[in-house]
Amino acid sequence: MSKCLTLSFIKPTEIPIIIFMRLLSIFTFVFIANLSFSQIIDTLHTNEGTMLIYGNRTWEYLEDRDFDGVMNDHLHFLMENDTNMNYIQGWNHDVCYTSELKNDVNKIKDTIWLCVQDSDSLGDGFVMPFDGRVTSRFGWRKGRNHNGTDIDLNTGDTVRAAWSGKIRYSKYNSSGFGNLVIIRHHNGLETFYAHLSKLIVVPDQIVQAGDPIGLGGNTGHSYGSHLHFEVRFYDIPMNPEKIIDFKAGKIRDENLLVHRGIFRPGSSVRSSGSNVASGDRRYHRVRSGDTLGAIARRNRTSVSRLCQLNGIRPTTVLQIGRNLRVR
Ligand SMILES: [Zn+2]
């Protein structure tokens with residue numbers, strides 16, 4: 001009834017306007033339908049910050065819009081301030097090596113300390129990427145360096161992030177890796193997971209140690225299903241067995257002392273260089289929610305001592321992943 005009434009009031013001059021409104025609403029609908037693929041459909045508040053979830057099932061962290069690839073500020077500071085090194089480490093989803101392999105290990109002057117297993121064990125330590133038999137080791141193989149450790153698995157087995165971090169690369173690589181995931185870690189290392197049958201993470205995604213990142217496979221230059229696992233420091237591969245005891249499924253030592261010698265096949269990761277963090281020194285990696293007061297209490301020290309040891313002020317904003325010396 002009301003419809004008829006409304007129609008009866010329409011003057012002939014108003015018809016073009018109605019058609020225009022109709023068209024406009026159709027266009028608006030089409031526009032919104034297209035937009036929904038890149039639209040934020042939800043937000044999630046997580047320990048890592050606010051997460052934006054898009055209509056096309058991707059997501060990103062609100063705080064990370066100007067992320068420059070630095071996961072470990074302390075390490076970055078050391079590398080930047082050693083003018084001898086001039087190290088490159090960018091954030092690129094399309095290449096395996098952001099320095100184009102231009103970082104020269106021979107320029108590392110001092111030993112750099114990295115923590116590869118948190119001592120306060122809040123569940124964010126190390127997790128085996130896959131618990132299997134080592135079938136090929138790091139080192140010279142058929143006249144060239146085998147840059148990682150091969151672990152036996154069946155196609156479809158779940159491969160996990162070794163440490164927490166951020167996905168830098170997740171796609172098919174035509175130079176031999178096949179489906180490859182690269183994770184940049186808070187501890188300052190990058191890990192490579194190659195020959196996967198399926199990728200289940202996307203670039204910029206935050207992962208925790210143990211999170212599934214892909215399924216094992218036989219893609220790329222691979223003869224039989226296995227995981228090719230690499231550990232790299234500023235693009236330079238090191239022997240994963242120097243850090244990880246693959247039989248025990250554990251980290252050998254929470255302290256990784258990086259010096260040029262460890263990149264040589266057969267070298268000892270424990271051999272000391274100069275200026276090694278030695279003896280009683282202890283470090284803490286900053287996590288979400290940490291305050292200087294809480295870190296001081298936990299380590300039976302004071303905020304002023306922490307500031308003195310790390311050259312910071314009580315008001316300094318603690319970046320997640322930064323290593324603070326606590327003793
Ligand atoms: Zn391999």
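# Close-up views of a predicted chain

**Overview: the whole chain.** Average pLDDT (the predictor's confidence in each residue, from 0 to 100) is 79 for the chain, and 76% of the residues score at least 70. This is a predicted model, where local features need pLDDT of at least 70, side-chain atom pairs count only at pLDDT 80 or more, and totals for chains, interfaces and linings use all residues. Numbering starts from 1 along each chain as its sequence is written. DSSP runs give six helices and 22 strands; helices are H or I runs of at least four residues, strands are E runs of at least two, and both are numbered from the N terminus. Of the 327 residues, 30% count as buried. Here buried means that 20 or more other C-beta atoms lie within 10 Å of the residue's own, exposed means 12 or fewer, partly exposed is in between, and the C-beta atoms are placed from the backbone. Two residues are in contact if their C-beta atoms, again placed from the backbone, lie within 7 Å. Among contacts with a separation of 6 or more, 59% come from residues 24 or more positions apart.

**View 1: the largest nonpolar core.** A nonpolar core is a set of buried Ala, Val, Leu, Ile, Met, Phe, Trp, Tyr and Cys residues joined through C-beta atoms within 7 Å. The largest one here has 52 residues, and Leu-114, Leu-180, Val-181 and Tyr-193 have the most contacts inside it. Elements that each supply at least two of its residues include helix H3 (73–81), strand E4 (112–115), strand E12 (190–196) and strand E16 (226–233). Zoom in on Leu-180: skipping neighbours within four places in sequence, it is in contact with Tyr-169, Asn-173, Phe-192, Tyr-193 and Ala-194. As background, nonpolar side chains tend to be buried together in soluble globular proteins.

**View 2: Leu-227 and its surroundings.** Leu-227 sits in strand E16, and it counts as buried because it has 25 C-beta neighbours inside 10 Å. Leave out residues up to four places away in sequence, and Leu-227 touches Pro-129, Phe-130, Ile-151, Leu-153, Val-159, Tyr-193, His-195 and Gly-216. Asp-150 is 77 residues from Leu-227 along the chain, yet their C-alpha atoms are separated by 5.5 Å.

**View 3: one face of helix H3.** His-74, Leu-75 and Met-79 are the buried residues to look for in H3. Seen down the axis of H3, the buried residues fall within an arc of 130°, so they line one face of the helix; the arc is that of the directions from the helix axis to the C-beta atoms. These buried residues pack against E4 and strand E22 (323–325).

**View 4: E4 against E20.** Strands pair if DSSP finds at least two bridges between them. E4 and E20 run antiparallel and are joined by four bridges, with Ile-112 partnered by Val-258 in E20. Asn-255 and Leu-257 point one way from E20, Leu-256 and Val-258 point the other way, and all are buried.

**View 5: the E10–E11 hairpin.** E10 and E11 run antiparallel with eight bridges between them, and Gly-178 in E11 is the bridge partner of Asn-173. Four residues lie between the strands of this hairpin, where Gly-176 takes a positive phi near 130°. E10 also pairs with strand E14 (residues 206–207), in the antiparallel sense over two bridges; there, Gly-165 stands opposite Val-207.

**View 6: a three-stranded open sheet.** The strand order is E9-E15-E13, with antiparallel pairing. Strand E9 (158–160) and strand E13 (198–199) are the edges, each pairing on one side only. Three bridges link E9 to strand E15 (residues 212–215), and Arg-160 stands opposite Pro-212.

View 7: Glu-100 has a positive phi of about 55° and is in the loop between H3 and E4. Tyr-234, with a positive phi of about 50°, is in the loop between E16 and E17. Glu-100 counts as exposed because it has 11 C-beta neighbours inside 10 Å, whereas Tyr-234 has 22 and therefore counts as buried.
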